Every structure is written in structure tokens, then in C-alpha cells.
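Visitor: I'm new to this one. Can you put it up and take my questions as they come?

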Amino acid sequence: MLLSKPPLMKDTRSFQDKAYVSSMCYRVQDFLQRCEENKEAPQFQYTEKTLRTPTKSDFRNIFEYLFQQLDEGYQLHPKNVEEEVPKLLQALGYPYPLKKSTMSTIGAPHSWPPLLAALDWLITVIEEKELETYRNLLQKDDMDEELANLKARRLNNEKTIQQIKEDIEREKEECRKMMTDNTDLENDISKLKDYCLESSVTISRVEENIVRISRKKTTLAKLYTVG
């Protein structure tokens, strides 16, 4: 995780202010303690005294552990502390120079506060990275939720489309049935017409027979009268 490299600034921080130095000690100690609770615990011993009068080995252990929060596999060789630490801090964007005399006398009263301030700044970088990771996770959760909602809406739409298809098929079937019923009705009407026509013919024949019978009766009646 390399940040932009700003130009190095003259360090005007007040390292003679005991309260300021104590606040940095407390922050480093608090961060290490929180790591013990939430992450892999440091594999070295440290106390409040360690953070006030550290040895070169103490500083190396703390720096290595903090940098591993950014680069898990990082290892700081004891012989490379004086050269590598300033380079790594500068690569991360640390705005203040670390003098060679400071790096060669780690733990001395005049050297430790600037190094402690560098550790304090490194913790800020770590916390910003953790915050960025957390935000990305939240965004991922939001995306996962939106994707789940999208899938649910798609499934609901598919069900709606399927329901519409079923309704259309049902209406088609009803139309086919109505057409069949209409055809049957037309057939019935046609049969009824034929029946009526046949009935009309039959009635006409009956009427003709009645007329003939009536005529025969009339003729017979006349013959009977004459006789």
C-alpha cells in the first residue's frame, strides 16, 4: 500500500512536550492491545516502559508488527533497520525525514520521540486502510443486497409472465370452447330450420288431405241426396 510521496517537511513538532510524547505512547500501546483482542497478537513482550525507553530490538519488533498490518508477509531484518525503516515510511508518504543519527541511536532520549511519532503516524495509515476495507465491505454488502433484490424482482417478474401466459392460454381455450358451442348452436338452428321446413311440408300435405276428404264428403253427400 504505497501512498503519494509528498515533499519532506521540516519537523516542527514539539517532542519536548511530555504530554504530547505520552499521548503517542498511549496510542501505540492501545493499538497493540486492541490487536491482541481482535487480531493475531504480537509475538513479543511489551510494557508501558518499553514504549518509553525501548531498545533497538523493541523498536524493530513494533515496527515490523505494525507494517505487517499493511503487508502480512513483511519481515524486517535486524541489520536493515537503520536503512529500511526510513525508506518504507517515505514510500508510504511519511512527510518528515528521519535522520541517520536518530536511526543509529534508537531508544536514546533525543531519538525516541521522532521514531515514536513515526509509529503513531503508521497507526493512522493502518486505521485508514481498515476503514477503507470496512467501507468496501459495506459497499459489497449493499451490492449483494441489491443483487438479491434484483433476483427476487426477476423471479417475481417471471412468475407474473408465467401467470399472464396461463391466463392467455385459458382465454384461448374459452374462445375455442365458445366457437365450438357456437358451431353446435348453428347446427342446432340448421336442424331446427330443417325440422320446421319438414313440418311445414307435412302440415301442407295434411291440409291437402283434409281438403280432399272434405270434397269427397261433399260429393258423397250430394249423391246421397240425389238417391
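Visitor: Which residues in H2 meet which residues in H3?
Guide: On the H2 side they are Lys56, Phe59, Arg60, Phe63 and Phe67, and they meet Val81, Glu82, Val85, Leu88, Leu89 and Leu92 in H3. Contact here means heavy atoms within 4.5 Å. Helices (H or I, at least four residues) and strands (E, at least two) are DSSP runs, numbered from the N terminus.

Visitor: And what kinds of residues are those?
Guide: The contact of H2 with H3 divides into eight nonpolar, no polar and three charged residues. In that count Ala, Val, Leu, Ile, Met, Phe, Trp, Tyr, Cys and Pro are nonpolar, Asp, Glu, Lys and Arg are charged, and the others, Gly among them, are polar.

Visitor: At what angle do H2 and H3 pack?
Guide: The angle is about 30°, and the axes are 12 Å apart. Axes are lines fitted to C-alpha atoms, for helices over the stretch in contact, with angles from 0 to 180 degrees between N-to-C directions.

Visitor: Before I go on, where does this model come from?
Guide: This is a predicted model, in which local features need pLDDT of at least 70 and side-chain atom pairs count only at pLDDT 80 or more, while totals for chains, interfaces and linings use all residues. Residues are numbered from 1 along each chain as its sequence is written, and side-chain values use heavy atoms, with hydrogens and water left out.

Visitor: OK. How many helices and strands does the protein chain have?
Guide: Five helices and zero strands. Of its 227 residues, 26% count as buried; that means under 20% relative accessible area, with exposed over 50% and partly exposed in between (1.4 Å probe, protein chains only).

Visitor: Which residues touch the most other members of the largest nonpolar core?
Guide: Phe59, Phe63, Leu66 and Val85, in a core of 41 residues. Such a core is a set of buried Ala, Val, Leu, Ile, Met, Phe, Trp, Tyr and Cys residues joined through side-chain atoms within 4.5 Å.

Visitor: Which elements give two or more residues to this core?
Guide: Helix H1 (18-38), helix H2 (56-68), helix H3 (81-92) and helix H5 (112-226). H5 gives the most, with 11 residues.

Visitor: Back to Phe63. What is it in contact with, leaving aside neighbours within four places in sequence?
Guide: Phe63 is in contact with Tyr74, Leu76, Val85, Leu88, Leu89, Leu119 and Leu122.

Visitor: New topic. How many salt bridges are there?
Guide: The count comes to nine. The rule asks for a side-chain nitrogen of Lys or Arg within 4 Å of a carboxyl oxygen of Asp or Glu. One of them joins Arg27 and Glu127, at 2.7 Å from N to O. Arg27 lies in helix H1 and Glu127 in helix H5, so this pair ties together parts that are 100 residues apart in sequence.

Visitor: Is Arg27 buried, partly exposed or exposed?
Guide: Partly exposed, with a relative accessible area of 24%. Glu127 is partly exposed too, at 27% relative accessibility.

Visitor: Where do Glu173 and Arg176 lie?
Guide: Both are in helix H5, three residues apart, about one turn of the helix. Salt bridges that share partners also join Arg27, Asp30, Arg34, Asp120 and Glu127 into one network. As for Glu173 and Arg176, their side chains meet in a salt bridge of 2.8 Å, N to O.
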